[in-house]
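Please look over the sequence and the model below before reading on.

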Amino acid sequence: MKYAAEVLKRFEIENYNATCNPIIPGQKIGKDENGIEVDATLYKQIVGNLMYLTTTCPDLMFVVSLISHFMASPTQCRFVVAKRVLRYLKSTMNYGVFYMKGGVSDLVGFSDSDYACDMKDSKITLGAYVFMMSGGAIAWSSRKQSIVTLLTIDAEFVDVVACACQAIWMRRILKEIGYSQTEGTKLMCDNASTIKLSNNLVLYGGSKHIRVRFHFLRDLTKKELLICCFVVLKINLLIYR
């Protein structure tokens, strides 16, 4: 990947040791009020270059979204995380998304959320999804939610709704280019309660605090445009390079 090589050369990471993951598993990046400030311009340049790479590198999406929250006041510890992403990029420069010719053309989505992951405002990561088709990822996203949810089921439900919105839009696009989805699109989720809530109106009483607009997921499920399925997430689903 020519652009990735240019990024590494620009920030002088060529001689650094490569790493096998873009961020330490389970690492939380919160307030660092007493941290040593670093060059904000350099930090923004690194994040900006990495954002451009996320258009072809789904495995960078989550961590780049995370470090972009601190561009206003970058500190040494946040700068180290950004440099780790560059070191990871060094070890995966020759990777790519592979699409199989004549592969299964059914659209399948995976969604997940991290409940109260933001140590500053307790908001979850919304829109953490990836869509697969013909063996490769064709769409992915990871961004912070605009509201604070009270329970894990709320976080997962809101996340699946965001994934459902993307699924409906993609079904329409695929229909326009001759790849109509005859069956309901499967959305894989690791929360059984969310799936039950999307199928059973009886459970509505325990979820009135969720915004009304999020409940349209049940209508999509009833019309069989979407099928919520349970899946055990043992790995980071955004790593498909």
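What follows goes from the overall layout to particular helices, rings and loops.

The model is a predicted one, and its secondary structure comes to seven helices and five strands. Followed from the N terminus, the elements run in the order α-α-α-α-β-β-β-α-β-α-α-β. Of the 241 residues in the protein, 47% are buried.

Helix α2 covers residues 40-53 and helix α4 covers residues 76-91, and the axes of the two come within 11 Å and cross at roughly 40 degrees. The crossing of α2 and α4 is left-handed. On the side of α2, the contact is made by Leu42, Tyr43, Ile46, Leu50 and Leu53, while α4 brings Arg78, Phe79, Ala82, Val85, Leu86 and Leu89 to the contact. Taken by class, the residues of this contact divide into ten nonpolar, no polar and one charged.

Helix α2 also holds Thr41, which is partly exposed, with a relative accessible area of 48%. The C-alpha atoms of Thr41 and Met71 are separated by 8.8 Å, although the two residues are 30 residues apart along the chain.

Helix α6, which covers residues 192-199, has Thr194, Ile195, Leu197 and Ser198 as its buried residues. Seen down the axis of α6, these buried residues fall within an arc of 160 degrees, so they line one face of the helix.

The aromatic rings come next, and the count of aromatic pairs comes to two. In the pair of Tyr129 and Phe131, the ring centres are 5.5 Å apart and the ring planes stand at 65 degrees, so the pair is edge-to-face. Tyr129 is buried, with a relative accessible area of 9%, and Phe131 also counts as buried, at 0% relative accessibility.

Ser134 has its place in the loop between β2 (125-133) and β3 (136-144), and with a relative accessible area of 18% Ser134 is buried, because buried means under 20%. Glu224 is found in the loop between α7 (216-222) and β5 (226-230), and at 60% relative accessibility Glu224 counts as exposed.

One further loop, the one between α5 (152-176) and β4 (185-189), holds Thr182. Is Thr182 buried or exposed? With a relative accessible area of 79%, Thr182 is exposed. The C-alpha atoms of Thr182 and Arg171 are separated by 9.8 Å, and the two residues lie eleven residues apart along the chain.

Technical notes
Residues are numbered from 1 along each chain as its sequence is written. This is a predicted model: local features need pLDDT of at least 70, side-chain atom pairs count only at pLDDT 80 or more; totals for chains, interfaces and linings use all residues. Side-chain values use heavy atoms; hydrogens and water are left out. Axes are lines fitted to C-alpha atoms, for helices over the stretch in contact, and angles run from 0 to 180 degrees between N-to-C directions. Helices (H or I, at least four residues) and strands (E, at least two) are DSSP runs, numbered from the N terminus. A crossing is left-handed if the near helix is turned anticlockwise from the far one by less than a right angle, and right-handed if clockwise. Contact means heavy atoms within 4.5 Å. Ala, Val, Leu, Ile, Met, Phe, Trp, Tyr, Cys and Pro count as nonpolar, Asp, Glu, Lys and Arg as charged, and the others, Gly among them, as polar. Buried means under 20% relative accessible area, exposed over 50%, partly exposed in between (1.4 Å probe, protein chains only). The arc is that of the directions from the helix axis to the C-beta atoms. Rings of Phe, Tyr and Trp (its six-membered ring) pair if their centres lie within 6.5 Å; planes under 30 degrees apart count as stacked, over 60 as edge-to-face and the rest as tilted.
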